[in-house]
Amino acid sequence: MRQITEIIVHCTATRNHVDIGAAEIDSYHRARGFDSIGYHYVVRLDGRIENGRDEAIIGAHCLGHNAKSIGVAYVGGLDAEGNPEDTRTEAQKRSMLSLLRSLRRRYPRARIYSHRDFAAKACPCFDATEEYAEI
């Protein structure tokens, strides 16, 4: 098994109320030349958690950090005009918290980060590093 030291939170950079899932993201990522979806988990608008890449497989979600991380993305991150905004539904917030707690139990040495901690992006459109610091 890979040595996981980071759990990196992303958004899908889709507009508010546009629900996509792991299958659509997999298609987008393959069109960009990836082997498969880059994230390990996707949290849908209704809170459903869908599997992406198997955790044993290195992700494709954060340049320079993929080998030692798990990538989690929530659907959303843009307002109706396409500007960065925290669009998480209450169901997504609950599911994300549950998923991140579960990942921290499995990977106790891993810290939770925002994608924006490692890239010049708004992703995930809220400060996940701060919000989940106590997990």
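In the predicted model, strand E5 (69-74) has Ser69, Gly71 and Ala73 pointing one way and Ile70, Val72 and Tyr74 pointing the other way, and all of these residues are buried. E5 is accordingly described as mostly covered, with six of its six residues buried.

E5 is paired with two other strands. Six bridges join E1 to E5, and these strands run parallel; within this pairing, Glu6 stands opposite Ser69 in E5. E3 and E5 likewise run parallel and are joined by three bridges, and here Val42 stands opposite Ala73 in E5.

The largest nonpolar core comprises 21 residues, of which Val72, Met96, Leu100 and Leu103 touch the most other members. At least two residues of this core are supplied by each of strand E1 (6-11), strand E3 (41-43), strand E5 (69-74) and helix H2 (90-106), and H2 gives the most, with four residues. When neighbours within four places in sequence are left aside, Leu100 is in contact with Ile7, Val9, Val72, Ile112, Tyr132 and Ile135.

The loop between strand E4 (49-51) and E5 contains Asn66. Asn66 has a relative accessible area of 16% and is therefore classed as buried, the cut-off for that class being under 20%. Leaving aside neighbours within four places in sequence, the contacts of Asn66 are with Arg2, Ile58, Gly59, Ala60 and His61.

Open space in the model was also examined. Rolling a probe the size of a water molecule over the atoms shows where empty space is left. The largest pocket has a volume of about 540 Å³, and of the 26 residues that line this pocket, Arg32, Tyr39, His61, His115 and Lys121 are the closest to its centre. His61, one of these residues, is also in contact with Asn66. E1 and helix H1 (22-31) each supply at least two residues of the lining, and the largest share, three residues, comes from H1. By residue class, the lining divides into 17 nonpolar, seven polar and two charged residues.

Methods: Residues are numbered from 1 along each chain as its sequence is written. This is a predicted model: local features need pLDDT of at least 70, side-chain atom pairs count only at pLDDT 80 or more; totals for chains, interfaces and linings use all residues. Side-chain values use heavy atoms; hydrogens and water are left out. A nonpolar core is a set of buried Ala, Val, Leu, Ile, Met, Phe, Trp, Tyr and Cys residues joined through side-chain atoms within 4.5 Å. Buried means under 20% relative accessible area, exposed over 50%, partly exposed in between (1.4 Å probe, protein chains only). Contact means heavy atoms within 4.5 Å. On a 1 Å grid over the protein atoms alone, a cavity is a set of points where a 1.4 Å probe fits but cannot get out, and a pocket is an open set with protein on both sides within 12 Å along at least five of seven lines; lining residues have an atom within 4 Å of a point. Grid points are joined across faces, edges and corners, and a volume is the space filled by probe spheres set on the points. Ala, Val, Leu, Ile, Met, Phe, Trp, Tyr, Cys and Pro count as nonpolar, Asp, Glu, Lys and Arg as charged, and the others, Gly among them, as polar. Two strands pair if DSSP finds at least two bridges between them.
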